[in-house]
Amino acid sequence: MKYRKTLLFILFGLCLIFLSNPILASHPKDIGRKLRTLFYQLSYGNPQKEEDSPENIVKTLVKMAKDPKTSAATLDFLRQEFERPRPIQRLLLSKVFIQIGSPALPILKEFLHRPDLSLKTLTVYILGEMGPPAASLAKEISPLLLSQRDYFLRLTCVKSLGKMGHSARIAIPQLLPFLEHPAVQMRMATLRAIERIGVSKRWVAYALAQRLRDVHPQIRRYAARILSKFPSLAVPLLAQELRSSQQSTRLLAAATLCRIGLPAQQVLPSITHVLLHEKDAAVRVWLIKTIQKMGPKAAPAIPALVQVAKSSQPLLRKTAIKALKKVAPQCPSQTVVFLRGLKDSFVHIRQLSAFILEKMQIKAIPALRKALRSDDQEVRSSAAFILSKLGRKAYGAIPELTLALEDPSEEVVKYALLTLERLGQKARACVPEIRRLQKSSSPEIRLRVLEAIHQIDPVSRYSLASFAYALNDPNPAIHWRAAEILASKGKHALFFLTNALRHSTPRVRTLAAYALQKMGPQAADAVFSLLRAFQIPDPTLKKQILRALAAIGKASAPAISQVILASQSKNVEVRLAAVEAMEKIGTEPVRTVQALISRLVDSSPQVQQKAAQALVRIGKSQIPLLLQALNHSDADVRLKISQVLVRLAPDSIPALVELLGSWNWRLRFQSTAILKEIGPRSIPYLQKRLGHRDPVIRRRVVEILASFGDASAQALQVALLDKDKVVQRFVVQAFRSFSPKVVPYFLKQLSSPNWIIRRRASMALGYMGKTAQKEVLQRLQNPPLYVQISCIFALSFMGKSAVPYLRKYLKHPNAQLRFHSAKALGRIGGDAKKAVRALIEALEDSDAWVRRESAISLSRLGEEAVPPLMEAAQSPSWKVRLLAIWALGKMGKIARSSWKVLLKSLRDEYPSIRLEAVRSLGKVHPPAFPVQGVLKRLARFDPHYLVRRAARQALSSAFPDRR
């Protein structure tokens, strides 16, 4: 049994290989096998690969059906399989037929004549899914609608014919009877099919029009929708349906005509007739909207619309007026309708009528003039409102507007005033009637009177008197507006405003001062009147007068004394206004500045801020006065003055730099703090002071520059070589605080031909420490030599972190780099203890200068260098011994432990070594025994004269008490 299963699997694999080979598959038998395999996989397969999925198998079958070599066999196979009564397989093959398209039509045509009902239904469905390409079989499908009794087959035939589109119009006669089918679904499917196929005949449109009377509302709406797409055929039929006895049919026909719009003009008489005789309001509304869409071309329907506008129903009236607006927008004969709409009880109709009359503009003026004489208050009010919208175009209605000023309705008077205001000087004859209304009880009318006089008669004496009279009005909006109008009249209003300053009412005086403030420099002639009014003990008036003087400007110079006195008032607002006035007047700067300085410590922060702003604006010419104020006893005053000087930069910087050398410590301290706050803007001025002979001033300058950070890097280079140690310390601290952004600048200076600049840049990089170490080491590796030497010089200021790199350069091939590396290690001093061995090795260098500098550096490294030097003092090389002994002597008492080694060196064969050993013994202060005896013997018996003399000197220096 096992072997049989294995054999079957092998045979199945061979079959698949055979079928997949295109050469083998070209034989008809092979094609059949392949088709059966594919169909088996499609029907029963369980795909585990993407190529075995049903979608890919269907694509393969379609491709074989379209291939000329395999199409005949494939289609024959599909036909045979489709005939078999297997529903699932038929559904799967239907997808294949749909995608094959036209090549499968002969087979499908054959299936249409088979007796199997399910086969026919599925075939019709496939043809419908094919769409227009299958329209050639519409003749074969349409007989099935009449010959077959099966409902589902008929429904499928209707849907399929609809999907074939316009090409299936031959089946329209067979489809129309189904519009009366008892099933709603069938009627709806037939309507959709006819919509897709199209309506090209009148009798088809008639059948659709009959569906407007259908029982089902959805079918009625759908039929109306189809008819609206074919207006040339549908409009006459819809006009007939307007006379139907069913209300729903009439409503639907009217709505469809409205949707069609302008093409319904051909039945405009019918629409007009129905509009006049129809009782249903909804139908009439739709008919009015239809006429509205036609626009001016529906002019014959104007009488009907006018009649409907008189209807008792508000909706009909509103819709009719809207339609008249579109149909006859500029027709004067229709203004009666719109005027009637002005007094309609329905507010929307009134608004709409007013809007239309406004759009008619000049053509509506005669009707509006009549409306102003109407007995109805609403009509007069609406007419006045519309005329106000027309503005200057309402010139012809001035007589009626003049009469309207005496109307009992405030609204009519208000709109009449507004219209006259917009007419401007054309309505000058109405000014006396307008002025009479100034005593009206209505504040709104009084305000409109002011505006109207302002526009109609702006500068006459009577008008100015009216504005001055309005200053005493109790309403704030009126008296403030009167003040603004008077201010806009300029010098023409000065007489009235100066008189108002002497008015008994405080509010009038304040408003007059406000108007003079608005006039600005034009009110210069009113300065003395303002000064007289300033004596009145009213803080509000004083505040306003001070503002007026400030607005007048320099012409208020006679009032500066009063302004300065007002800056000491108890009222905060008065002081604030006085400070502002002092700034704007700008005369007597000494007194003004002193007064402003005293206000810097005012109890009110607002006054302080305003005084500081004033000093900033006028202080550029008065900087010496501000500098003197830095010596004020009050710290708050000094602080405020400092802030003002900061804001006056750069004008104040030169004077502040000069104060750095002042004998007054307070001035020096304040100027230093101010320059720090001003920031880098003061660098050019401070840089000049770095060469001052006084080191104290140089210290202050460096301290200020150091506070600026990177911006002062270039300026501080000059101070690197300053002789004063305090200055140098400040510079070092400044460079250590710099950021890496400054490093490229100093690296660039290392290439300068001037050795002084290179030295300063190197020191700057060295003081920056680890911030610049990486860049310095990178630059050290590249020539030229003088740049490398500068880099080593920079490393000597970086301390312990630079020792490993300098130690490596002690073995560099270049003698100069070795020399400067040794020198740099000596400059580092005690932090270079790890380089002791390297320096000891450098004592044997081929270059004498390197050996000498290595010895000097060793003498500066402290106790850590003593043991290695003692070993070097016993070296076979006399040069090494000599340098080591010299270094031990240079170290002094630190190398006292080396006295035994130095004592042994007194026996050296070289006189120079003995001489150096004697000198070193005198410096290290060895013990008296046995060194004293040895030195005495050398002083007597050494063969070399210099050694004997050095021994005597060593005895006197090391043992002065035992000589």
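Close-up 1. At 0% relative accessibility, Cys791 is buried (under 20% relative accessible area; exposed is over 50%, partly exposed in between; 1.4 Å probe, protein chains only). Cys157 is buried too, with a relative accessible area of 0%. A search of the whole structure turns up 0 disulfides (pairs of cysteine sulfur atoms within 2.5 Å). The model is predicted: local features need pLDDT of at least 70, side-chain atom pairs count only at pLDDT 80 or more, and totals for chains, interfaces and linings use all residues. Residues are numbered from 1 along each chain as its sequence is written, and side-chain values use heavy atoms, with hydrogens and water left out.

Close-up 2. Helix H53 spans residues 848-858 (helices are DSSP runs of H or I, at least four residues; strands are runs of E, at least two; both are numbered from the N terminus). Of its 11 residues, 8 are buried, so H53 is largely enclosed by the rest of the structure. The buried residues are Val850, Arg851, Glu853, Ser854, Ala855, Ile856, Ser857 and Leu858. Their cover includes helices H51 (815-828), H52 (836-842), H54 (866-872) and H55 (878-891). Asp847 caps the N-terminal end of H53. One of its side-chain oxygens lies 3.0 Å from the backbone nitrogen of Trp849.

**Close-up 3. Asp473 in the loop between H28 and H29.** Asp473 sits between helix H28 (461-470) and helix H29 (476-488). Its relative accessibility is 10%, so Asp473 counts as buried. A polar atom of the Asp473 side chain lies 2.9 Å from the backbone nitrogen of Asn475. Beyond neighbours within four places in sequence, Asp473 is in contact with Arg446, Ile478, His479 and Arg507 (contact means heavy atoms within 4.5 Å).

**Close-up 4. Ser463 in helix H28.** Ser463 lies in helix H28. With a relative accessible area of 1%, Ser463 is buried. Neighbours within four places in sequence aside, Ser463 is in contact with Ile453, Asp457 and Pro458.

**Close-up 5. Ala550 in helix H33.** Helix H33 (residues 539-552) holds Ala550. Ala550 counts as buried, at 8% relative accessibility. Setting aside neighbours within four places in sequence, Ala550 is in contact with Glu580, Ala581 and Lys584. Val563 is 13 residues from Ala550 in sequence. In space, the two are 9.7 Å apart, C-alpha to C-alpha.

Notes
Polar contact = N/O pair within 3.5 Å; in protein donor to acceptor, adjacent residues only side chain to side chain.
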